[in-house]
Amino acid sequence: MRTRLDHLVVSALQQGAAVPAFTCYDFTTALAVVEAAEAAGRGAILLVAPKTAATPNGLRLISALRGLADSAGVPIAVQLDHASDLRVIADAVAAGADSVLADGSSLPYEENIALVREARAVLEAQGHAGVVIEAELGGLAGDEDRAFGLDAGTGTGTAGLTDSAQVEDFVARTGAQLLAVAVGNVHGKYKGEPQLRWDVLQDIAVRTHIPLVLHGASGIPAEELVKAAAMNVGKVNFNTELRTGVLATLEAQTGPYRADGENLQGLLGKWNASAKDFAAGALSTLTK
Ligand code: 13P
């Protein structure tokens, strides 16, 4: 069943768990995520990248994911990830996204706040006042769709680590329902071991009651991720590891399935299994 993203996350946190969110560039991956969530009896979040949502086919994918969420046996939310273009935000919500990350983290502080408020105003004007808005404070290094090795632990994004002193003001003025933070996490691959700044996260967590979001979870060891919910991190985003696994599977399996009568159906089954295994692992880690 499709569920409000904030309700899903708050209810997980009340049980000491966090909800995994997975970038879906395609329907095969989304089907696998929902199947894994159903098998685990837990909710999950389907993320759509802004570059996907900026195309007509991407908007159709969002509509399809909404239908998938509606028919799921567990709570599923569909979120537009990392969007800073108001047109893309409006279109994605019209297509069926019920949550948006209005991401002004690369902008100066006041402009970041202004972007989130504008996104809310645009959605309200569109009759979508119920859309859940996540905002991001602090800059994450890395590319959301292409993974290259990045230095860990230094908050090397445009704006660096989240400044905990700004958190109360930022949350109050944006009216965001979730807050994405930069605590040494990066999008893509970590060069060396990730060095998450749990001290900074702790400092952020005491300054706001809204759930926090950890992006860039690929490459963060499970024993670190399990600590997240205790610091009010109720949503954890995965992309790189999921697609790395799918690509490795396709690379290994394309030859044999071509030889087996150009068996695309069989190959898609392997894609599904790879994504499902990854999603099952993340679901299990975050509910420990
Ligand atoms: P990774 O690609 O590092 O897993 O990050 C995903 C993410 O944060 C999507 O918003």
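Predicted model: local features only at pLDDT ≥ 70, side-chain atom pairs only at ≥ 80, totals over all residues.
Colleague: Over how many bridges do E7 and E9 pair?

Modeller: Strand E7, residues 178–181, pairs with strand E9, residues 212–214, over three bridges and in the parallel sense. If you want a residue to look at there, Leu179 stands opposite Leu212 in E9.

Colleague: Switching to the ligand, how many residues surround it, and which are the closest?

Modeller: The ligand is surrounded by 16 residues, of which the closest are His215, Ser218, Asn237, Asn239 and Thr240. Strand E3 (76–83), strand E10 (233–238) and H10 are the elements that give two or more residues to this shell.

Colleague: What does that shell look like by residue class?

Modeller: The shell around the ligand divides into 10 polar residues, three nonpolar and three charged.

Colleague: Since H10 came up, at what angle does it pack with H11?

Modeller: Helix H10, residues 240–259, and helix H11, residues 264–286, pack at an angle of about 155° with their axes 9 Å apart. Angles over 145 degrees count as roughly antiparallel, and H10 and H11 are therefore roughly antiparallel to each other. The crossing in which H10 passes H11 is right-handed.

Colleague: Which residues meet there?

Modeller: On the H10 side they are Glu241, Leu242, Gly245, Val246, Thr249, Leu250, Gln253, Thr254 and Tyr257, and these meet Gly266, Leu267, Lys270, Trp271, Ser274, Ala275 and Phe278 in H11. Sorted by class, this contact of H10 with H11 has eight nonpolar, six polar and two charged residues.

Colleague: What about H2 and H11, how do their axes cross?

Modeller: The axes of helix H2, residues 27–40, and H11 come within 8 Å and cross at roughly 45°, so H2 and H11 are oblique to each other. Their crossing is right-handed.

Colleague: Which residues of H2 meet H11?

Modeller: Among them are Leu31, Ala32, Val33, Glu35 and Ala36 in H2, while the H11 side includes Leu268, Trp271, Ala275, Ala279 and Leu283. The contact of H2 with H11 divides into 13 nonpolar, four polar and two charged residues.

Colleague: Last pair, then: how do H4 and H5 cross?

Modeller: Helix H4, residues 56–71, and helix H5, residues 86–95, have axes that come within 8 Å and cross at roughly 40°, which makes H4 oblique to H5. H4 passes H5 in a right-handed crossing. Leu59, Ile62 and Ser63 in H4 meet Asp91, Ala92 and Ala95 in H5, and this contact of H4 with H5 divides into four nonpolar residues, one polar and one charged.

Note on methods:
Residues numbered from 1 in each chain as written. Axes fitted to C-alpha atoms, helices over the stretch in contact; angles between N-to-C directions. Helix = DSSP H or I, 4+ residues; strand = E, 2+ residues; numbered from the N terminus. Parallel < 35°, antiparallel > 145°, perpendicular 65-115°, else oblique. Left-handed = near helix turned anticlockwise from the far one by under 90°. Contact = placed C-beta atoms within 7 Å. Nonpolar A, V, L, I, M, F, W, Y, C, P; charged D, E, K, R; others polar. Near = placed C-beta within 6 Å. Pairing = 2+ DSSP bridges.
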